[in-house]
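Please open the structure in your viewer and keep the sequence panel beside it. The tour below goes from one selection to the next and says what is there at each stop.

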Amino acid sequence: MEDEPRTDNETESQVAEPDLSKSFLKLKEHGTFSRTRALRLKEGDVIIAVDGTLFHESTDNLTDILSEEDVEHWIVTIYRAGVIFEVAARGPLGGSYEYCKPQECQNIENALKNHKFHPKPEYKIYEVLKDISKSCDIYDTSYTPLAVYAPPLWLMQQRMWEPLIAIIAVYLITLNVNVFLFILAAVLISLYFKRGQLILRRSYSMYQDRTVWITIAAISELDAQKSCRDIDPKCTF
């Protein structure tokens with residue numbers, strides 16, 4: 001018996017059917033407490049790689065990978081409206097996903113031709129805060145020994161002038177009262193900066209009317225700035 005001829009609708013349906021073995025996961029909706037919100041991802045963002053390896057698997061596999069406890073963080077590569085950038089994720093992302101359509105997959109493949117994956121140890125995590133005029137403040141979130149051993153120098157490096165004046169005032173006042181009080185104050189300030197330097201840095205940026213915009217994983221601050229400008233060409237640093 002000869003096969004019945006396929007209708008045009010059936011042919012179009014088969015052409016449009018995505019190859020799930022080569023497709024990517026696209027964020028369809030945020031969960032109530034999902035990490036996708038904390039990472040400032042948007043609905044429609046596509047997960048294209050994890051630690052530099054293209055990811056064509058299911059949502060369950062993504063959750064299993066990101067749930068490994070022995071890994072400090074994962075470098076997750078995101079595609080957003082023609083732009084590719086990396087974020088650092090710790091634990092499952094949450095949210096619901098769907099597979100990309102064939103045309104979306106083709107656009108991603110084209111964008112990947114101009115994207116370079118770097119070895120994981122080379123990546124640093126940068127927080128970017130932005131104000132209403134799109135003026136951005138960017139800083140490295142990794143631990144900085146300078147903040148502990150020389151807080152005034154670190155504050156000068158970060159251009160945090162108000163805290164710098166406050167710290168110098170504490171040094172001068174305690175030194176004028178008693179040298180041992182000065183030493184105690186210096187030790188306590190160093191301990192505070194050791195544990196709270198990131199919070200202090202973020203708080204100072206918020207004090208300047210900026211809010212957390214995005215967290216970027218990049219090999220340098222200039223590379224992070226470039227990714228931010230690709231996402232929003234109007235942002236300045």
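## An exposed loop

Select Ala81, which is exposed at a relative accessible area of 77%, where exposed means over 50% relative accessible area, buried under 20%, and partly exposed in between, with a 1.4 Å probe and protein chains only. This is a predicted model, in which local features need pLDDT of at least 70 and side-chain atom pairs count only at pLDDT 80 or more, while totals for chains, interfaces and linings use all residues. Residues are numbered from 1 along each chain as its sequence is written, and side-chain values use heavy atoms, with hydrogens and water left out.

Ala81 sits in the loop between strand 4 (74-80) and strand 5 (83-89); helices (H or I, at least four residues) and strands (E, at least two) are DSSP runs, numbered from the N terminus. The phi of Ala81 is near 50°, a positive value in a residue other than glycine.

For another loop, select Arg159, found between helix 6 and helix 7. Arg159 has a phi near 60°, again positive in a residue other than glycine, and at 60% relative accessibility Arg159 counts as exposed.

## Along helix 8

Now select residues 179-207, which make up helix 8. Where does helix 8 bend? The bend is at Gly196 and comes to about 80°, the bend at a residue being the angle between axes fitted to the seven residues ending there and the seven starting there. A straight helix of 29 residues would span 42 Å at 1.5 Å a residue, whereas helix 8 spans only 33 Å between its end C-alpha atoms; the expected span is 1.5 Å times one less than the number of residues.

At the N-terminal end, select Asn178, which caps helix 8 through a side-chain oxygen that lies 2.7 Å from the backbone nitrogen of Phe180. Past the other end, helix 8 is followed by Asp209, whose phi is positive, near 65°.

Next, colour the buried residues of helix 8, among them Ala185, Ile189, Phe193, Gly196, Leu200 and Tyr204. An α-helix has 3.6 residues a turn, so residues three or four places apart point the same way. What covers the buried residues of helix 8 includes strand 7, strand 8 (136-140), helix 5 (145-149), helix 6 (151-157) and helix 7 (161-177).

Stay in helix 8 and pick Ser190, which is buried with a relative accessible area of 17%. Leaving aside neighbours within four places in sequence, Ser190 is in contact with Val148 and Pro151, contact meaning heavy atoms within 4.5 Å.

Select strand 7 (residues 124-130), which is joined to strand 9 by seven bridges, the two running antiparallel; two strands pair if DSSP finds at least two bridges between them. Seven of the eight residues of strand 9 (residues 211-218) are buried, so strand 9 is largely enclosed by the rest of the structure.

Select Tyr126 to find its bridge partner in strand 8, which is Asp140. Strand 7 and strand 8 form a hairpin with five residues between them, and Lys134 in the turn has a positive phi of about 70°. Four of the five residues of strand 8 are buried, so strand 8 is largely enclosed by the rest of the structure.

## After helix 9

Move to the segment after helix 9 (221-231), where Lys234 lies. Is Lys234 buried or exposed? At 65% relative accessibility, Lys234 counts as exposed. Asp232, found in that segment after helix 9, counts as buried at 10% relative accessibility. Not counting residues up to four places away in sequence, Asp232 touches Lys130, Lys134 and Trp213.

## The cysteines

Finally, select the cysteines. A disulfide is a covalent bond between the sulfur atoms of two cysteines. Here it is taken as a pair of cysteine sulfur atoms within 2.5 Å, and by this rule the count comes to zero disulfides. Cys105 is in no disulfide, the nearest cysteine sulfur, that of Cys100, being 5.0 Å away; Cys105 counts as buried at 11% relative accessibility. Cys235 is in no disulfide either, with the nearest cysteine sulfur, that of Cys136, 4.4 Å away, and at 2% relative accessibility Cys235 counts as buried.

Technical notes. Polar contact = N/O pair within 3.5 Å; in protein donor to acceptor, adjacent residues only side chain to side chain.
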